[in-house]
Amino acid sequence: MEAGLCGVSPLRDATWQAVLRACRQAHACCRCSAARTPTIAHTLVAQDQRCRRCVAAMGETPPSFLHFSARTERELGTRGASQVWQEVIALARTPGVIDLGQGWPDCLSDDTAKREAAAAILGDADAARNNQYSAADGVPDLKQAIAEYYNALHPSWQVGSTDVLVTTSATEALYCITQAMLDAGDEVICFEPVFPWYAAHVRLAGATLKCVRMQPPHYRLDVDELAAAFSPRTRMVIFNSPHNPTGHVATREEVLGIAALCVQHNILALSDEVYERKTFGGRIETRLRDAPGMAERTLTLGTSSKLLSLTGWRVAWVIAPPALLRGVSSAHSYASFCAPTPLQIGVAAALREHAEAERRSRRTDANMADASAAVFERNAHVLGSALTDVGLVVHPVEGGYFLVADICATGLDAGTYCKELIARARVAAVPMDVFYVATEPPPPTTLVRFAICKSEHTIAAAAAAIRAHPLPLRVT
Ligand code: GLN
């Protein structure tokens, strides 16, 4: 059977009935592009010609008029990252389970932001329009506060309001950047393990992802490998430091190496710096925007989710020269139009306080750690020693929200381990398979990500549960 008969383009062009007929003739599943591979026992369901795997993924027999996009078909057929994520989150919400899965802080949410947002919601809203749309590119006062905050933190930046676009989360910013800047056939380079949303957004824009793998346990960026990944079609590099999931903080050498290649190939860089204040004792030696030739080609992401521990607010921003922001701003106005107005007002008040604190501290070094970073660093030690005690190998972490452990000694794959960990210790974590896209070389299958962006109490409870319910180790 021809590749794609049941997967990609024919579903777009042919009528559903024609596809069904063709698939019946070919004895193939008309829902998934992986149909009839010998390793998967595809038993076709007579009625609408779906394999068991798709039936399981889709639940009930779909109504005859249901037509998923080719992308959705593929995602459902292969159990993409969004499904795994939803499963993990659902399991983690089971009563009594300690959620070290999704990266959300259960402490330290910013009081000023909450108070000012509440006042904006409950005050004389009709007069102030606080509960209505804001300008698409953000509440002017927030744009000003973001610029002030970054100029206080990084005096060399000297950004103004016109260099700021407020978005409805960093995830939306990423979506809008990829929609605005990429064409079908373009290539984007990412570092793997890769936050699954980068991969999905690049694909949604019709572009192709090329991954440069960071090797455990230190996950250093190999600039030579990066150089080899470039092609004439490369349009953008997506860079993230401190890194999700590994906690690697890029060195000066790594950042300068990436920057030199971006300048040499004259391409854009998306620098996801949402964890920039979460460094553990160490420093951010340099940031992509500060490298020679990069200010004009870098889009930097920041967010109240991580900075103010308000992941549910979905208020984030892009810092870039106005020429780069134009297209992104247009995509953003089509996607969500504007971020929630009263929450933007709350974030503005909090950022003004942070900017003032930065100015008072007269920072002279590059240590960007904030108060929550100290808590998360202690958490890394406490959780890391519990994981080590039960026989796992914990990878070094320099910042961010997560700790990675290799569960190889259990003889399980990461997915099974995470299910077992919930069942026995009532602790949720994320199997890192979803952070690997490239199939060559084969990705590691025994890495697990634990969120450490929690209160010390939560982490102590998780560490105790892990010690009390160790999973058996493989006898060697
Ligand atoms: N950034 C967070 C994480 O990696 C949340 C991601 C999400 O759920 N979209 O866990």
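Mentor: Gln102, Thr171, Phe195, Lys306 and Arg314 lie nearest the centre of the second largest pocket, among the 24 residues that line it. The model is predicted, so local features need pLDDT of at least 70 and side-chain atom pairs 80 or more, whereas totals for chains, interfaces and linings use all residues. Residues are numbered from 1 along each chain as its sequence is written, and side-chain values use heavy atoms, without hydrogens and water.

Trainee: What makes a set of points a pocket and not a cavity?

Mentor: On a 1 Å grid over the protein atoms alone, a 1.4 Å probe fits in a cavity but cannot get out, while a pocket is open, with protein on both sides within 12 Å along at least five of seven lines. Lining residues have an atom within 4 Å of a point. The second largest pocket holds about 520 Å³.

Trainee: Why is the second largest pocket said to lie between domain 2 and domain 3?

Mentor: Domain 2 (82–107 + 370–468) and domain 3 (111–361) both give residues to its lining, so the pocket lies between them. The domain bounds come from an automatic or database assignment.

Trainee: Which elements supply at least two residues of that lining?

Mentor: Helix 9 (170–181), helix 10 (196–204), strand 7 (298–303) and helix 13 (304–307) each do. Helix 9 gives the largest share, 3 residues. By type, the lining has 11 nonpolar, 9 polar and 4 charged residues.

Trainee: Why are helix 9 and helix 10 called roughly parallel?

Mentor: Their axes are 8 Å apart and the packing angle is about 30°. Angles under 35 degrees count as roughly parallel, and helix 9 and helix 10 are therefore roughly parallel to each other. Their crossing is right-handed.

Trainee: What makes helix 8 roughly parallel to helix 15?

Mentor: The axes of helix 8 (140–153) and helix 15 (341–361) come within 8 Å and cross at roughly 25°. That angle makes helix 8 roughly parallel to helix 15. The crossing of helix 8 and helix 15 is left-handed.

Trainee: Where is the cis peptide bond from Ser241 to Pro242, and which loop holds Pro242?

Mentor: The bond from Ser241 to Pro242 has omega near -15°. Pro242 sits in the loop between strand 5 (234–240) and helix 12 (252–264). The bond from Glu440 to Pro441 is cis, with omega near -15°, and Pro441 lies in the loop between strand 12 (430–431) and strand 13 (447–451).

Trainee: What is noted about phi of Leu108?

Mentor: Leu108 has phi near 65°, a positive value in a residue other than glycine. Leu108 is in the loop between strand 1 (98–99) and helix 6 (111–122).

Notes
Grid points are joined across faces, edges and corners, and a volume is the space filled by probe spheres set on the points. Helices (H or I, at least four residues) and strands (E, at least two) are DSSP runs, numbered from the N terminus. Ala, Val, Leu, Ile, Met, Phe, Trp, Tyr, Cys and Pro count as nonpolar, Asp, Glu, Lys and Arg as charged, and the others, Gly among them, as polar. Axes are lines fitted to C-alpha atoms, for helices over the stretch in contact, and angles run from 0 to 180 degrees between N-to-C directions. Angles under 35 degrees count as roughly parallel, over 145 as roughly antiparallel, 65 to 115 as roughly perpendicular and the rest as oblique. A crossing is left-handed if the near helix is turned anticlockwise from the far one by less than a right angle, and right-handed if clockwise.
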